[in-house]
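User: Hi! I'd like to talk through this model with you before I set anything up. Could you walk me around it?

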Amino acid sequence: MTQKPRAADPGDTGATPGGSAPAEPATGDAPRVVIRNNRKLSQPAEPEGTAADAGTDVPAEGLIEDAEIVVDEIEVEAGTVDGATPDGPPVVDAPAEPVDAATSSTLGAELEALRSDLDERTRDLQRVTAEYANYRKRVERDRATVAEQATGSVLAAVLPILDDLDRAREHGDLVGPFGSVAEQLTAALGKFGLTPFGEQGDPFDPTRHEAVAHQTSDEVTEPTCVQIMRRGYQLGERLLRPALVAVADPE
C-alpha cells in the first residue's frame with residue numbers, strides 16, 4: 001500500500017511540509033520571523049481502493065493547507081550598521097579646534113620671519129647675479145686687452161720696416177713691384193687696426209706728438225707741427241708710438 005504524505009498541522013509551528021523534522025527551538029530572546037504560506041495540494045490520480053486504505057489521514061482533494069515557514073533572523077551587530085568596528089567604538093571625525101589669539105600671533109610671527117628670510121635670500125641672489133655679470137664683463141674686457149696687447153707687440157716690431165718704406169717713398173724709390181708690395185703690406189697691417197698719424201700742419205698734441213725741435217713763426221696762431229721726422233702709429237685707441245715732429249710756436 002502506498003503511504004501518502006500527511007498534511008501539516010496549522011497549529012504546529014515547528015512542522016514543515018512533507019513531514020520533515022520540527023525546527024529546533026530558538027534560543028535567547030532573538031526574534032523569529034514567521035512566514036505563512038497557503039499552498040494548495042492537488043490529489044494525484046490513484047487506483048481504485050487507495051483512498052479507502054489511506055483512512056482519515058489523507059485530506060480531501062482541493063483543500064488548502066496552511067503551512068508555516070519559520071526563518072531564523074540573522075543577528076547583526078548593532079555597531080556594525082553604524083560604521084563602527086566590532087572591536088571598538090565608532091570612529092567619528094573630531095571637529096576642528098578654534099585657533100586662539102596666541103596661536104594666531106605665533107603663526108603671524110613665523111610668517112614674518114619667513115618673509116624676512118625670503119627677502120634676504122632674494123637680495124643675496126641679486127647681489128651674486130650682479131657680481132657674476134660684472135665678472136663676465138671684466139673677463140671679456142681683460143681678454144680683449146690681452147689680445148690687443150699681443151697684436152700691438154707684433155705690430156710694434158714691424159714699425160721700423162714701415163719707417164724705411166716711408167723714407168723710400170719720400171725719395172721716390174717705391175716704384176714697380178717693390179711699391180706694390182709696400183702698399184699690400186700697409187693694407188694688411190691696417191686690417192689689424194694699425195693707423196698712422198702725423199702730418200705737416202697738424203696742431204701739436206703732447207699726448208701724441210713728441211717735439212724734437214721748436215721755432216717761432218708768424219704764420220701760425222697756435223703750436224703747430226711744421227715738420228714730421230717720423231710718423232706715429234696707434235692701434236685702435238691705444239698709442240703704439242708717438243710721432244717725432246718739429247713744432248712752431250706763434251710769435
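**Overall layout**

Analyst: Happy to! Reading from the N terminus, the elements of the protein chain run β-α-β-α-α-α-β-β-β-β-β-β. Please keep in mind that this is a predicted model.

User: How many helices and strands are there in the protein chain?

Analyst: The protein chain has 4 helices and 8 strands.

User: And what percentage of the residues counts as buried?

Analyst: Of the 251 residues in the protein chain, 16% count as buried. The accessible surface comes to about 19100 Å², and carbon and sulfur atoms hold 55% of it. As for contacts with a separation of 6 or more, 67% are between residues 24 or more positions apart.

User: Which feature does UniProt place at residues 111–145?

Analyst: The unreviewed UniProt entry gives "coiled-coil region" for residues 111–145. In the model that span is 100% helix and 0% strand, and its end C-alpha atoms lie 51 Å apart.

User: Okay, switching to the sheet. In what order do the strands of the open sheet come?

Analyst: The order is β3-β6-β7, with 3 strands in an open sheet and antiparallel pairing. The edges are β3 (194–197) and β7 (238–241), each of which pairs on one side only. From one strand to the next, the twist averages 35 degrees.

User: How many bridges are there between β6 and β7?

Analyst: Strand β6, residues 232–235, pairs with β7 over 3 bridges in the antiparallel sense. Within that pairing, Q234 stands opposite L239, and Y233 has R241 as its bridge partner.

User: What do β6 and β7 form together, and how many residues lie between them?

Analyst: They form a hairpin with 2 residues between them. G236 sits in the turn and has a positive phi of about 65 degrees.

User: Which helix lies across β3, β6 and β7?

Analyst: That would be α3, residues 101–170, which runs at about 155 degrees to β6.

User: Nice. Which residues make up the largest nonpolar core?

Analyst: This core has 12 residues: L155, V158, L159, L162, L165, A168, L174, A182, L189, L194, Y233 and L235. The elements giving two or more residues to this core are α3, α4 (176–190) and β6. Helix α3 provides the largest share, with 6 residues.

User: New topic: where is P203 found?

Analyst: P203 is in the loop between β3 and β4 (209–217). Setting aside neighbours within four places in sequence, P203 is in contact with H209, E222, P223 and C225. The C-alpha atoms of P203 and V226 are 9.2 Å apart, while the two are 23 residues apart in sequence.

User: Why does P203 count as partly exposed?

Analyst: Because its relative accessible area is 47%.

User: Last one: is S217 buried or exposed?

Analyst: S217 is buried, with a relative accessible area of 15%. Buried here means under 20%, so S217 qualifies. This serine lies in strand β4. Apart from neighbours within four places in sequence, S217 is in contact with A248, D249, P250 and E251.

User: Great, thanks for the tour!

Notes. Residues are numbered from 1 along each chain as its sequence is written. This is a predicted model: local features need pLDDT of at least 70, side-chain atom pairs count only at pLDDT 80 or more; totals for chains, interfaces and linings use all residues. Side-chain values use heavy atoms; hydrogens and water are left out. UniProt positions are given in the numbering used here, feature names are shortened, and annotations may be inferred rather than shown by experiment. Two strands pair if DSSP finds at least two bridges between them. Axes are lines fitted to C-alpha atoms, for helices over the stretch in contact, and angles run from 0 to 180 degrees between N-to-C directions. Contact means heavy atoms within 4.5 Å. Buried means under 20% relative accessible area, exposed over 50%, partly exposed in between (1.4 Å probe, protein chains only). Accessible areas come from the Shrake-Rupley method with a 1.4 Å probe; for residues, only the protein chains shown count as cover. A nonpolar core is a set of buried Ala, Val, Leu, Ile, Met, Phe, Trp, Tyr and Cys residues joined through side-chain atoms within 4.5 Å.
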